[in-house]
Amino acid sequence: MILIVSVAKAQVSGNENYSQGVELYSAAKYQEAADIWIELYNKGYRSASLNYNIANAYFKLQNIPAAILYYERAYLLDPTDEDINYNLQIARTMIVDRFQEIPELFFVNWYNQISLLLSSNTWAFLSIISFIVCLVSVSLYIYSTRYLYKVIGFWFAVSLLVVSSSTLAFSLRNRYLVHDNHEAIVFSPVVSGKSSPDASGTDLFVLHEGTKVAIEDEVGEWYEIRLSDGNKGWIPSNRVDRI
Amino acid sequence: MRKLLIYQLIIISLQLLSIAASAQDVAVKVQYPSVVTTGQQFSVTWSVNSGGGEFAAPSFSPFYKLIGPQTSYSSSTQIINGRLTQSTSYTYIYYLQAVSEGKFSIPPATFTLKNKTYLSDSLYIEVVSDGSRQSSSSTNRPSGQEVESGGKDIFVNLLLSRKDVYLGEPITATVKLYTRINISGLNEIKFPQFNGFLKTDLNTPPLTSLNQENFNGTIYGSGVVQQFLLYPQKTGEIIIDPVQLTVLIQQKSGQSDPFFGDFFSTYQTIPRMIASQSAKVNVNPLPGNQPPDYSGIVGKLDLKAVMNKDTVNVNDAINFKVIISGSGNLKVAAAPSLKLSPDIEVYDPRSTEDIKNGINGTTGTKSFEYLLIPRHYGDFTIPSITYSYFNTESGKYEQLRTQEFRFYAKKGSDQSSDITVYGGVSREDVKYLGKDIRFIKTDPGFISVSEELTIEKRYYYSLFLLAAFIFFAVLFLRREHVKRNADISRVRNRKAGKVAVKRLREASQCLKNNQLDRFYEEILKALWGYLSDKLNIPVSDMTRTRITSALTEKGIDESAIGKLNEILDKCEYARFAPSSSGSEAASLYNGASQFIKTVENSIA
């Protein structure tokens with residue numbers, strides 16, 4: 001009971017600060033609005049709208065890498081939102097680096113899209129529920145004396161088993177995409193990718209702020225990153241911010 | 001010799017005059033040299049194209065009148081293609097001698113005809129001293145003077161109207177020939193290339209006569225060979241190459257006749273090439289702060305705009321005319337840009353020019369005619385048009401501005417809407433103007449403090465295991481249950497006793513309530529049901545004989561079977577003769593339960 005009350009309180013104060021930020025943004029006080037929302041974000045509040053608004057404020061402040069970072073974060077929480085996608089596209093047109101992106105296989109794309117539709121916890125909940133219903137259906141199949149019920153029970157059990165395993169997979173994928181932070185945005189104006197995780201390594205490529213990279217490995221203060229075109233290199237971990 | 005030339009000229013001009021006189025307007029014309037040297041004799045000729053009047057010459061002071069007037073008359077009649085033209089001419093010639101240097105004017109001569117007075121022009125004559133020539137030597141000059149080919153006897157000049165101009169400002173270039181010797185013609189005129197200029201030839205009358213002109217104190221016969229209009233196209237110092245031309249000089253050959261002087265001497269034509277000096281022009285660039293609507297014209301302009309109507313039907317055309325007039329290189333004038341509503345269709349303007357090239361540059365008008373077609377009804381505005389040019393007088397860019405025009409486009413008449421497609425609002429694409437990110441979301445949506453991931457917890461997976469465990473446990477228990485229930489007859493066998501006891505209990509209840517009918521019925525049901533279950537015989541197949549044989553098979557003694565039959569008989573009898581007493585019923589009950597107990601004990 002106490003827990004519920006405290007959660008409700010936190011929710012109220014979060015909403016208040018949120019609308020305060022909206023007012024500041026509407027009055028074109030972008031810095032102040034961004035400060036308020038960032039404070040909320042740092043307190044642990046998460047929502048697609050919050051990330052989207054932070055990104056908009058940064059965009060207006062001409063901080064394109066930060067805007068892209070928060071647009072990407074908002075996208076992960078609500079990949080179907082049209083405004084988020086639109087603004088992310090606009091922000092991406094303002095960065096220097098352009099890659100010939102290797103398109104992901106269409107079913108990988110679908111997999112990612114679907115797994116982002118619901119949160120990881122919701123998927124997990126659905127998975128356990130469908131597993132239990134699946135077992136009930138198996139029982140129906142086993143104990144029913146009527147042929148029709150047996151057929152229904154059998155097919156229900158099979159499909160629910162599929163549902164249960166796929167929702168579990170979605171849950172894991174969602175965790176990987178949203179919470180595993182395997183992607184990052186370059187924040188430093190210029191950073192060169194090295195062939196090895198030390199400053200003396202050969203320069204392989206040069207990245208500019210706002211570019212999205214995938215983090216493959218981590219050694220000390222260095223990340224091994226993979227670019228959208230498939231090239232790999234090492235950059236200092238303080239030059240990027242994880243999504 | 002000079003006199004001869006003048007005579008010839010006079011005769012030619014008289015002929016020209018006599019043709020001109022056919023207009024029958026009285027005109028008094030005068031011919032005279034504009035520059036003379038002191039002591040020189042010259043003639044002044046007045047000609048009148050009508051006779052019968054009275055001619056009065058003005059006073060000639062400070063000139064000295066030698067002879068005059070010499071009057072002559074000429075008339076000519078021409079019939080050309082049946083048209084008769086007549087002309088008459090009276091000429092009055094006075095010979096004068098200049099006495100002193102200076103510029104002098106002589107008042108006009110008057111000609112009075114039928115109480116009307118006609119005036120000639122005033123005469124302006126400049127008298128210069130000429131030390132190199134003897135005033136009285138015109139008739140007996142040394143004969144060698146004409147052959148003298150000294151550099152200054154004949155030369156050509158390239159005269160420029162301006163030498164310091166702005167880019168695009170017109171310059172008049174005049175090629176002028178000066179000569180003191182007789183020439184019979186020009187040959188092979190080579191004009192310079194005028195590199196760096198846009199050149200326009202000006203109409204120059206062919207060189208037929210020379211005018212007297214004072215050049216550095218010497219009198220030359222001068223004539224304009226050609227005039228050009230030059231528009232500088234690049235900045236900096238531009239050098240114009242010299243003009244070269246070949247003059248045909250008449251040179252006397254052979255001896256002069258002792259009796260007739262030069263008159264019969266023969267002449268030879270010698271070509272001589274002369275060249276002018278090269279000329280230099282300094283072209284200044286235009287100031288850097290060009291207005292965006294600069295048209296490229298240097299000069300002086302005027303701007304006017306006209307619209308032919310202020311109300312029009314939709315899809316009908318309006319004529320909008322912009323007229324640019326003034327001086328400057330109007331040929332390069334670009335069409336002014338119109339900033340109109342996208343609902344007005346504009347066609348490329350039709351431009352018409354009326355441009356004259358004169359010695360002061362190009363003047364005229366250039367007009368641009370726009371065809372505007374409103375595609376929607378409503379009020380439309382043609383914003384004021386701006387047009388900039390460079391004013392050479394002030395050395396600044398100047399902007400011209402027309403007024404603003406408004407017109408109203410009416411909805412098309414009913415007839416025209418019948419012709420168009422039904423429902424005829426023409427549709428068009430939305431016009432996009434700019435790009436920006438979309439506005440923030442004012443609704444916080446589902447805002448939550450970030451939660452822990454259940455997928456990472458061990459208890460989550462143990463939930464699956466738990467569910468599976470419960471499932472299998474249930475499955476196992478159920479299987480045991482089924483095993484035991486596998487044989488339905490055994491179950492019934494096992495339960496037969498219980499069911500019978502239940503029935504008997506009900507029967508005893510009926511007995512207590514004195515419901516004897518029901519009592520017997522219950523007893524019967526109990527016995528029949530018990531036997532059916534116990535002996536595994538369907539109720540439909542139950543007969544007394546079947547029961548007896550089955551019981552015997554199971555090893556029940558005869559007495560027990562006999563007792564059963566007795567009870568059954570009694571019950572059946574009692575049901576149809578309900579007179580039997582309660583004690584009898586009680587003994588029946590006891591017998592039935594006794595029988596069941598016996599069978600229960602003997603058959604497992």
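Colleague: Is the crossing of α7(A) and α8(A) left-handed or right-handed?

Modeller: This is a predicted model. The crossing of α7(A) with α8(A) is left-handed.

Colleague: How is such a pair described, and what is the angle between α7 and α8 of chain A?

Modeller: Two packed helices are characterised by the angle between their axes and by the distance separating those axes. Here, helix α7 (residues 120-143) of chain A packs on helix α8 (residues 147-179) of chain A at about 165°, and their axes are 7 Å apart. Angles over 145 degrees count as roughly antiparallel, and α7(A) and α8(A) are therefore roughly antiparallel to each other. The residues of their contact comprise 19 nonpolar, 10 polar and 2 charged.

Colleague: Which residues of helix α5 of chain A are buried?

Modeller: In an α-helix there are 3.6 residues a turn, so residues three or four places apart point the same way. In helix α5 (residues 82-92) of chain A, the buried residues are Ile84(A), Asn87(A), Leu88(A) and Ala91(A). Viewed down the axis of α5(A), they fall within an arc of 105° and so line one face of the helix. The face turned away from that buried side carries the exposed residues Glu82(A) and Gln89(A). Among the elements covering the buried residues of α5(A) are α3 (48-60) and α4 (64-77) of chain A.

Colleague: How many residues does the contact take from chain B and from chain A?

Modeller: Chain B contributes 23 residues and chain A 33 residues. On the side of chain B that touches chain A, α3(B) gives the most, with 5 residues. That side of chain B divides into 13 nonpolar, 5 polar and 5 charged residues.

Key. Residues are numbered from 1 along each chain as its sequence is written. Chains are lettered from A and ligands numbered from 1 in the order in which they are written. This is a predicted model: local features need pLDDT of at least 70, side-chain atom pairs count only at pLDDT 80 or more; totals for chains, interfaces and linings use all residues. Axes are lines fitted to C-alpha atoms, for helices over the stretch in contact, and angles run from 0 to 180 degrees between N-to-C directions. Helices (H or I, at least four residues) and strands (E, at least two) are DSSP runs, numbered from the N terminus. Angles under 35 degrees count as roughly parallel, over 145 as roughly antiparallel, 65 to 115 as roughly perpendicular and the rest as oblique. A crossing is left-handed if the near helix is turned anticlockwise from the far one by less than a right angle, and right-handed if clockwise. Ala, Val, Leu, Ile, Met, Phe, Trp, Tyr, Cys and Pro count as nonpolar, Asp, Glu, Lys and Arg as charged, and the others, Gly among them, as polar. Two residues are in contact if their C-beta atoms, placed from the backbone, lie within 7 Å. A residue is buried if 20 or more other C-beta atoms lie within 10 Å of its own, exposed if 12 or fewer, and partly exposed in between; C-beta atoms are placed from the backbone. The arc is that of the directions from the helix axis to the C-beta atoms.
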